Amino acid sequence: MTTLIVVVGIVVYITLYLTYGKKLEKEFVKADDNIKTPAVRFDDGVDYIPSKAPVLFGHHFASIAGAAPIIGPVLAMAWGWVPALLWVWFGNIFIGAVHDYLSLMASVRYDGKSIQFVASDLITKRTGRLFYWLVFFLLILVIAAFGAVVNGMFVGTPEIPTAYIMKIAAALILGVLIYRVKMNFTLATIIGIILLGLSIWGGSMLPIVASKGTWYIIIFFYIIIASAIPVNVLLQPRDYLNSWLLYLGLIVGAIAAVFSFQGFTAPAFTSFAPIVSGGKATPFWPAIVLIIACGSLSGFHSLVASGTTSKQLEKESDGLKIGYGSMLTEGFLSTLVVVSVAGFGLELMVGKGMDITTSNWGTNYTSSMMGSYPKAAMFTGSYAAMVASTWLKFIPTKIVQIIAGMWVASFAMTTLDTTNRLGRYTFAEILSPLKDKNEGVYNFFTNRWIASLVPAVIGIYLAWSGNFTILWPSFGTANQLIASIALLTGVSWITKRQKTKGTFALIPAYLLWITVTAAIIWFSAVVLPGTIMSNPVTGITVLVIEVIMLIMNIIFIIDFLKHKDDPLDA
Amino acid sequence: MSNKIVSKIKNFISGVEYVHRDQAVSHTLWEERELENIFTLLLMGSFSGIPAPPAFISAELIPLLTHELKIFNNRAENSFDTLAEMTGVLGID
């Protein structure tokens, strides 16, 4: 079954890329290689650089693929593997990939300007400004959700923090070798990969056992320091090592999934509303968008696509491979996650002595993962079991588990400190109206350390005090709200600038907006009251963010509907 | 036929190698670019009201900055639109 689903997945993705994707390209985007892209027109060798499609694909994919396409599908397995897989495929092909592709191409036709700028031009200036607020909320919730992921992994698998700490040391050494000693790049890379291997081995030898609170304090100081030091010291070499982990993990996972020939032991379908978020019955619609984010669609991708990728696209015809194709590849990563948990998850949980069977899966699956067996460990354990069931079994299972754990932990940690960097910037932008009114207050809050502290304190506090099944969907609401705005902006671009009806994109865009709005209302009305009762500060903080986002969402749709038929200036 | 396949494989490997090289320097280049922005602003600052260095130094340096001036112009235009770029550079997800 594992093999069958992976092969069917590959066939579905290729077929729809060649049919639906090509239709989008020809009829709606009207990609034309005679139109020079901004990368060619403004080629300055610095900001605008025409890049070959495979190179740009590698960059774009590395930017959009992180820990989220792994965690979301693991949680969504509570509905059973069929709903999880269908949403990954459906959402990915008809919404997420369309969203990424339209954001990229709209930006290309706007001289490489961001989707935020395009929204300001096509809808209203207010829409553009809403982006800052939404992104700021999203960043806080990302810190909370990913902080909880990392903490769960560090507590649950004590080999991973040791490996991660040793990897940081390896990254610092690699940074010195590449940027200070200026060692030959290939040689430095080989040394870096050996050090990475040693850190994985070292992790298996010297596990560090510490409490949840201790790790939160360490993570808090880590993200403040890591987000403030120059990028070439830690961030750059560490991300470079991460990219090796990503490709290694994907290749080994794909090979293992194809050759494992394992039947699925997880149920195909549990119920429409199993227990997922906040201990409440969670309806598949609309809540699925809050659980599976990046594997099927993510608002962050619109910013990545329109921020850097659009400035490097050499030909318009490459846009489909990069915008649409990268998202399909990320969907394939989520498919691997669903396959590994469906094939090996039940055995693993029973092996840990948990009270779970196919018949009580809907009620016990999520709560089992919130206890002694964290959600990320579900993926790393299933992944390692899947690899062990193939001819790759010569690699010790513990080592594979640490590699998978490092893969998730590294991306989650990277997300934490890069998010904090961006949070600092967004916070300063939001406060800019204060600059003229009260310069002293503005200068105080935009100070590098204070601006770093604000998102980190709120995020880590939420992670420490909150329940992961509350934090993850909260992160999902902000992310999908941005996706919804970006997709409707893409539709505006198709109808106003491309002068086509855009029904193909308009239906998924409306569907997404309605689903996200319904999900926020359901989450705020059904799930959060329980959290407010048990944990008032966390519950109220999340509720306030949700309500503000809901109001912004309604303002946005009013603006969109009001201006959708307005003529453009030029 | 076999030559074609070999050259495709070679192209693919060189693409992977290029991506990895770039992964190893992209953030550093971004930070360097920000430092260059400050340097250019110091030289060209009179346009935006920042006192310029002595005229003879500027005059001597300006011919070396033709390319940078082009970039400077682009960046001035895009300076209010950096959120998406930062997200892309930092690769948050």
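1. Start with A:K182, which is exposed at a relative accessible area of 63% (exposed means over 50% relative accessible area, buried under 20%, partly exposed in between, with a 1.4 Å probe and protein chains only). A:K182 sits in the loop between α8 and α9 (185-205) of chain A; helices here are DSSP runs of H or I with at least four residues, strands are runs of E with at least two, and both are numbered from the N terminus. Its phi is near 55°, a positive value in a residue other than glycine.

2. A:D111 also deserves a look, with a positive phi of about 60° although it is not a glycine. You'll find A:D111 in the loop between α5 and α6 of chain A, and at 26% relative accessibility it counts as partly exposed.

3. Some ground rules before going on. This is a predicted model, where local features need pLDDT of at least 70 and side-chain atom pairs count only at pLDDT 80 or more, while totals for chains, interfaces and linings use all residues. Residues are numbered from 1 along each chain as its sequence is written, chains are lettered from A and ligands numbered from 1 in the order in which they are written, and side-chain values use heavy atoms, with hydrogens and water left out.

4. On confidence: pLDDT is the predictor's confidence in each residue, from 0 to 100. Chain A has a mean of 88, with 98% of its residues at 70 or more. Among the elements of chain A, helix α5 (residues 81-109) has the highest mean pLDDT (94) and α15(A) the lowest (81). Chain B averages 77, and 88% of its residues score at least 70. Where pLDDT is low, the predicted coordinates should not be read in detail.

5. Chain B itself has four helices and zero strands, in the order α-α-α-α along the sequence. Of its 93 residues, 34% count as buried. Chain B exposes about 5900 Å², and carbon and sulfur atoms supply 68% of that (accessible areas are from the Shrake-Rupley method with a 1.4 Å probe; for residues, only the protein chains shown count as cover).

6. Aromatics next: there are 30 aromatic pairs over all chains (rings of Phe, Tyr and Trp, the last by its six-membered ring, pair if their centres lie within 6.5 Å; planes under 30 degrees apart are stacked, over 60 edge-to-face, the rest tilted). The A:F154 and A:Y164 rings have centres 6.3 Å apart and planes at 45°, so this pair is tilted. A:F154 belongs to helix α7 (residues 125-156) of chain A and A:Y164 to helix α8 (residues 159-180) of chain A, so the pair ties together parts that are ten residues apart in sequence. A:F154 and A:Y164 are buried.

7. For A:W361 and A:Y365, the ring centres are 4.7 Å apart and the planes at 20°, so the pair is stacked. These two residues, four apart in helix α15 (residues 361-370) of chain A, are separated by about one helical turn, and both are buried. Elsewhere, ring pairs link A:Y20, A:W87, A:F90 and A:F94 into a cluster.

8. Last, a backbone check: a cis peptide bond joins A:W285 and A:P286, with omega about 10°. A:P286 lies in helix α12 (residues 284-291) of chain A.
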